[in-house]
Amino acid sequence: MTDVLDKVAGKSGELVLRRAGDDFEVIANGVFLMDTRNGESERLLVSVAADLVPGKARMLIGGLGVGYSLRAALDHPGVGEVVVVEREPAVIGWNRQGPLRDVHDDALSDERVTVVEADLVKWLRRTEERFDALCLDIDNGPEWTVSDGNAKLYRDEGLDMLAARLRPGGVLGVWSAESVPSFAKRLRARFGEVRELKIPVPQGEPDVLWFARV
């Protein structure tokens with residue numbers, strides 16, 4: 001049985017938080033976006049990125065989601081500071097005071113965390129901040145974006161913008177629910193070192209993670 005816990009008008013359409021048994025689901029404009037059933041690939045996105053940079057990394061996570069990536073970052077000994085950019089105030093609220101808070105053991109209250117309520121594309125264009133690792137998980141993939149504006153991030157212009165926000169030797173991590181060979185080709189044309197991981201899931205195509213070093 002599925003229960004609707006909250007329904008709001010988001011930045012790019014309707015957002016719904018549902019409970020399905022013991023799990024939570026987030027639906028955007030009628031399209032499944034994320035849930036709390038597994039989260040293995042979301043955790044690996046940040047833990048592998050942190051493994052690839054030395055010292056106490058300053059990490060940017062694009063997209064708060066259900067907090068799995070943030071929790072994994074805070075639990076990694078190689079991460080010293082985390083900035084999370086999330087454009088939907090409802091998602092922040094569900095994670096800070098709502099039912100998603102227990103999913104990640106109240107990670108937003110950690111003093112190492114800064115949450116920025118902003119559209120990631122617009123924020124990247126105006127910020128001068130730089131990071132050791134930048135983990136991108138705001139869409140279902142480069143060709144399956146939540147909004148049309150997000151598609152720019154996965155094109156040459158967007159990759160240049162992301163690379164500019166990395167410190168020397170920094171790593172870009174990108175999450176996708178499917179393999180996208182054309183995007184992998186663009187990554188390899190822009191970055192010196194690219195690694196691709198495929199993570200099996202219970203149903204459907206494996207999740208895919210890309211890690212690119214400047």
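Two strands are said to pair if DSSP finds at least two bridges between them. The legends below describe close-up views of a predicted model.

**View A. The hairpin of strand 1 and strand 2.** Strand 1 (residues 2–10) pairs with strand 2 (residues 13–20) in the antiparallel sense, over eight bridges. Within this pairing, Asp3 stands opposite Arg19 in strand 2. The two strands form a hairpin, with two residues between them.

**View B. The hairpin of strand 2 and strand 3.** Strand 2 also pairs with strand 3 (residues 23–28); the sense is antiparallel and there are six bridges. Opposite Ala20 stands Asp23 in strand 3. Two residues lie between the strands of this hairpin, in which Gly21 takes a positive phi near 70°.

**View C. The crossing of helix 1 and helix 2.** Two packed helices are described by the angle between their axes and the distance between the axes. The axes of helix 1 (residues 40–51) and helix 2 (residues 68–75) come within 8 Å and cross at roughly 40°. Helix 1 and helix 2 are therefore oblique to each other, and their crossing is right-handed. In the contact, Glu42, Arg43 and Val46 of helix 1 meet Tyr68, Ser69, Ala72 and Ala73 of helix 2. These contact residues divide into four nonpolar, one polar and two charged.

**View D. The buried residues of helix 5.** In helix 5 (residues 156–164), the buried residues are Gly158, Leu159, Met161, Leu162 and Ala163. The elements that cover these residues include helix 4 (120–126) and helix 6 (181–190), together with strand 8 (131–136) and strand 9 (166–176).

Terms used: Residues numbered from 1 in each chain as written. Predicted model: local features only at pLDDT ≥ 70, side-chain atom pairs only at ≥ 80, totals over all residues. Heavy atoms only, no water. Buried < 20%, exposed > 50% of the residue type's maximum accessible area, 1.4 Å probe, protein only. Helix = DSSP H or I, 4+ residues; strand = E, 2+ residues; numbered from the N terminus. Contact = heavy atoms within 4.5 Å. Axes fitted to C-alpha atoms, helices over the stretch in contact; angles between N-to-C directions. Parallel < 35°, antiparallel > 145°, perpendicular 65-115°, else oblique. Left-handed = near helix turned anticlockwise from the far one by under 90°. Nonpolar A, V, L, I, M, F, W, Y, C, P; charged D, E, K, R; others polar.
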